[in-house]
Amino acid sequence: MTNENMPFGKTFHLAVCALFVGLVCTPMIGTVARIGVSTPEDIRQTELRRIHPMPDLIARLMCRPRYVAAFNDRYGFRKPLLALNARLSLNCLNESPTPAVTVGRDGWLFYCDEISYYRGVRPLTTVELNEYAHRLESRRKWLASRGCRYLLVVAPNKSSIYPEQLPPMLGRGGVRRLDQLAQYLKANTSVSLLDLRPALTQAKARGQLFYKTDTHWNDLGACVAAEQIDAAIRPWYKDVRFPSAIQYRHQPIDVDGDLRRMMFAKDLISETAYRLSPVVPTTAHRVNDYLQTYGDRSHDLFATQSSNTALPRLVMFRDSFTIALQPYLSERYGRAVFCYGRDTNAFDDKLIAIERPSLVIQEVVERNL
């Protein structure tokens, strides 16, 4: 075919080729010029993980997957390209742009770690159950020898409370790890485990308990959880006069859901929920006296103090689910110290020795068992 007979002419084809080369080279140009490159804070906030470290030259040659993972976190125009991918995936294909998030029914989003848990892909082994029992029972006995109670609280996965909102093709598989652990601890230890699934499932009649676009429970879900914790510990403190129930008002808020951020869909998906604000101001307040005591560990901690110092002292090892839970708990304790730790390995005997609590609560989300 001669140039004269080519559709649209030679100039058009040269322009298309130039555009194609430009698009292919854009990420590399942006990488060199540091344009649109994701920072460690960007990845921590949007993808809920740490940026992959860049290996040295020898490691790049010896371990290509590590270099590829590090480069994929740092190429140019990464943020706008991921946002464009999200727009095309959601609007054109109606599917999640990232394997970390699953799109459910009616606008509900689910963390993919929950999906494998829901399907029972990897139940706990006998060895793992024995390790849990030994660790938790030893912890309970150590605390009991110091006059301190121990309560293990498991925050349920969103999929455990709203399975009807999961994708329709998703089938439930084997046994849940929480069911295994609860049965094993009951048969072999004296550890008190609070499984919040039954109470939260029943409380769905009171309103929505989890955010659609976030992995966590909302204020109402956290309030229900706090009520259950209160009911679980009251038999241990029969002589204590706890504060009466607090009345709350509902205030609408826009939800900046972590799952929505992971999908780079901030401009595509929105959600409005309600924050519970106390009608009468509460007395518990943040204190900073722990900053000097714990030094460089203070970034993992925060503490609250109530006006009623006769109430029990609490130390709580917690994950991100306690962020919404903390305001409802602080009012019930004379002093409460909250220490971050994402699973049941989180425990600090030095913290216990300094704070001398009468109650230790260990909160962990179901998927991290």
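Valine 154 stands opposite aspartate 195 in strand β4. This pair belongs to a predicted model, in which seven strands form an open sheet with mixed pairing.

- The edges are formed by β4 (192–195) and β7 (285–287), each of which pairs on one side only.
- From one strand to the next, the twist averages 25°.
- Strands β3 (residues 149–155) and β4 run parallel and are joined by four bridges.
- In general, the strands of a sheet pair through backbone hydrogen bonds, in either a parallel or an antiparallel manner.

**Helices across the sheet**

- Helix α7 (residues 126–144) lies across β3 and β11 (359–365), and runs at about 140° to β3.
- Helix α14 (residues 322–330) lies across β7, β8 (301–305), β9 (313–318), β10 (335–340) and β11.
- The direction of helix α14 is at about 170° to that of β9.

**Aspartate 219 and alanine 324**

- Aspartate 219 is found in helix α11 (residues 219–233), whereas alanine 324 lies in helix α14.
- Aspartate 219 counts as buried because its relative accessible area is 10%, under the 20% limit.
- A polar atom of the aspartate 219 side chain lies 3.0 Å from the backbone nitrogen of leucine 276.
- Leaving aside neighbours within four places in sequence, aspartate 219 is in contact with Tyr211, Tyr274, Arg275, Leu276, Ala324 and Tyr328.
- Alanine 324 has a relative accessible area of 18% and is therefore also buried.
- Not counting residues up to four places away in sequence, alanine 324 touches Trp217, Asp219 and Ala222.
- Alanine 324 and leucine 220 are 104 residues apart in sequence, but their C-alpha atoms are 9.2 Å apart in space.

**Nonpolar cores**

- The largest nonpolar core has 43 residues, and those with the most contacts inside it are Trp217, Ile229 and Ile361.
- At least two residues of this core come from each of α6 (112–118), β3, α11, β9, α14, β10 and β11.
- Helix α11 supplies the largest share of this core, eight residues.
- Isoleucine 361 touches Leu151, Val153, Ile229, Leu314, Val315, Met316, Phe317 and Tyr333, not counting residues up to four places away in sequence.
- Another core, of 27 residues, lies apart from the largest one and includes Tyr132, Leu136, Leu351 and Val360.
- Nonpolar side chains tend to be buried together in soluble globular proteins.

Technical notes:
Residues numbered from 1 in each chain as written. Predicted model: local features only at pLDDT ≥ 70, side-chain atom pairs only at ≥ 80, totals over all residues. Heavy atoms only, no water. Pairing = 2+ DSSP bridges. Axes fitted to C-alpha atoms, helices over the stretch in contact; angles between N-to-C directions. Contact = heavy atoms within 4.5 Å. Buried < 20%, exposed > 50% of the residue type's maximum accessible area, 1.4 Å probe, protein only. Polar contact = N/O pair within 3.5 Å; in protein donor to acceptor, adjacent residues only side chain to side chain. Core = buried A, V, L, I, M, F, W, Y, C linked by side-chain atoms within 4.5 Å.
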